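Student: I would like to learn how to read a ligand site and a pocket. Can we work through a case together?

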Amino acid sequence: MDKIVVHGGARLEGELRVNGAKNAALLIQCAALLTSGKTTLRHVPQLSDVRTMSRLLERLGCAVEGDRTLAIDAAGVGDGPCEAPYDLVKTMRASVTVMGPLLARYGRTKVSLPGGCAIGARPIDQHLKGLEALGANIELSHGYVNLEAERLHGAAFVFDTVTVGGTQNVMMAATLAKGTTRLENVAREPEVQELATVLNKMGAQIRGAGTSVIEIEGVDELVGVDHAILPDRIEAGTIAVGAAITGGEVLLLDAPVDHMHSLIGKLEDAGVQCVVEPEGLRVYGPDQIEPVDVVTRPHPGFPTDMQAQFMVLASVAKGRSMVTETIFENRFMHVPELQRMGADMHISGNTVVIRGVDRLSGATVMATDLRASASLVLAGLVAEGETEIRRVYHLDRGYESIEERLRGLGANIERVSGARM
Ligand code: EPU
């Protein structure tokens with residue numbers, strides 16, 4: 001198993017072009033199932049989650065070719081079993097979002113229930129309720145959910161809780177339903193808007209994506225498209241924190257600043273200078289990080305996917321910060337690892353109180369999920385001495401060649417392949 005070794009102390013300096021967004025790419029891969037033609041995706045990030053989704057699409061009967069530019073031909077899908085098996089769903093929960101497209105286009109699908117995961121229970125009840133409102137017959141048996149419908153019909157549906165994947169799944173299903181669908185209390189994340197943009201290019205009629213109400217006029221068919229994936233606001237935010245804590249200066253080329261307002265606001269509260277330039281976002285790390293309180297919220301609030309990285313910023317601030325997680329019930333697994341690096345953190349319910357220390361100290365730490373792993377890499381950048389991060393396959397799910405990209409900015413970081421645990 002690979003590990004990452006970081007020697008702290010180097011400033012991050014230079015320019016970095018932000019990669020395509022993982023959570024947009026995964027869902028647009030699913031959307032290709034709604035068409036009978038060829039969908040070409042550009043700026044696709046080279047991540048293990050994207051490869052897992054491609055493998056699932058192949059199992060469903062798609063022909064998938066390429067990597068950075070990915071061509072997906074869904075012509076052969078109806079001949080197959082329309083089934084998302086346990087072995088793929090368990091490694092990547094986003095697999096459940098093939099459900100809406102398959103049901104809408106082929107009238108049937110069988111998808112493994114994902115079960116819990118490291119950051120929380122993460123049920124899919126809202127996905128199922130929304131699809132049921134559109135006319136799906138749903139049966140749960142042997143760990144799978146079987147869905148059937150002659151043809152879905154438009155409906156009004158209000159989500160009980162704001163869910164990104166639930167919104168995307170039901171929105172995709174409604175594109176081919178008969179009649180009008182009105183979805184309320186939907187997620188407003190940029191990746192929902194991006195998916196709606198792609199679906200509309202395919203011929204769908206969706207209005208309101210990016211607000212809390214989405215209306216969809218069902219159409220008879222969708223066609224393949226050519227689309228470049230939007231840049232990843234979380235990759236950009238992660239590197240921005242790296243520049244901030246190392247007192248560096250980084251220009252994040254193509255950073256999607258319009259989708260990063262709450263994050264940029266919190267960085268500025270911490271004393272980090274953020275300058276929006278025509279080419280992207282320039283971040284200047286201050287001499288001294290100020291303490292900052294953060295509460296995660298659905299977009300446009302502060303993203304849960306930046307919570308772990310922000311805690312590292314708070315851990316070296318001058319004073320006391322509080323970070324509260326409201327989206328997932330168990331997303332503090334990085335805390336004990338950061339404590340092992342000398343961070344002064346105390347968990348109290350869904351809040352972590354952090355008292356900044358002068359310096360973290362390098363240690364051997366264990367990655368537990370994607371964003372937790374990113375926080376450990378960031379901590380390694382400012383820690384005294386050597387930090388060894390194990391189980392880095394979590395990082396590879398969502399950050400493309402993070403060690404090469406950080407090394408390009410001056411970090412002292414390397415991947416050691418095949419290291420024994
Ligand atoms: N929830 C329900 N019922 C449902 C669906 C969700 O109770 O039917 C709850 C979840 O348990 C959670 C909350 O609603 O407490 C929000 O979950 P959501 O459905 O919005 O999350 P998701 O769609 O499964 C996506 C991202 C996550 C990101 C969250 C929140 C993808 C592929 N994943 O997950 O990304 O944290 O939205 O913004 O888009 C990551 O990239 O590291 C990551 C985990």
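This is a predicted model: local features need pLDDT of at least 70, side-chain atom pairs count only at pLDDT 80 or more; totals for chains, interfaces and linings use all residues.

Student: Which side chains have a polar atom at an oxygen atom of the ligand?

Tutor: T163 is one, with a polar side-chain atom 2.7 Å from a ligand oxygen. R331 is another: an N or O atom of its side chain is 3.3 Å from an oxygen atom of the ligand.

Student: How much of the ligand's accessible area does the protein cover?

Tutor: On its own, the ligand has 830 Å² of accessible area, and the protein covers 85% of that.

Student: Which elements give two or more residues to the shell?

Tutor: They are α1 (22–31), α5 (125–133), α6 (164–175) and α12 (370–382). α5 gives the most, with three residues.

Student: And which residues come nearest to the ligand?

Tutor: Of the 21 residues around the ligand, Q126, T163, G165, D305 and I327 come nearest. By class, the shell has eight nonpolar, seven polar and six charged residues.

Student: Now the second largest pocket. What is its volume?

Tutor: About 330 Å³. The pocket is lined by 19 residues, and I245, D287, V316, D358 and V382 are the closest to its centre. Two elements, α8 (233–245) and α12, each give two or more residues to this lining.

Student: How does that lining divide by class?

Tutor: Ten residues are nonpolar, five polar and four charged.

Key:
Residues are numbered from 1 along each chain as its sequence is written. Side-chain values use heavy atoms; hydrogens and water are left out. A residue is near a molecule or strand if one of its heavy atoms lies within 4 Å of it. A polar contact is a pair of N or O atoms within 3.5 Å; within protein, one must be able to donate a hydrogen and the other to accept it, and residues adjacent in sequence count only if both atoms are side-chain atoms. Accessible areas come from the Shrake-Rupley method with a 1.4 Å probe; for residues, only the protein chains shown count as cover. Helices (H or I, at least four residues) and strands (E, at least two) are DSSP runs, numbered from the N terminus. Ala, Val, Leu, Ile, Met, Phe, Trp, Tyr, Cys and Pro count as nonpolar, Asp, Glu, Lys and Arg as charged, and the others, Gly among them, as polar. On a 1 Å grid over the protein atoms alone, a cavity is a set of points where a 1.4 Å probe fits but cannot get out, and a pocket is an open set with protein on both sides within 12 Å along at least five of seven lines; lining residues have an atom within 4 Å of a point. Grid points are joined across faces, edges and corners, and a volume is the space filled by probe spheres set on the points.
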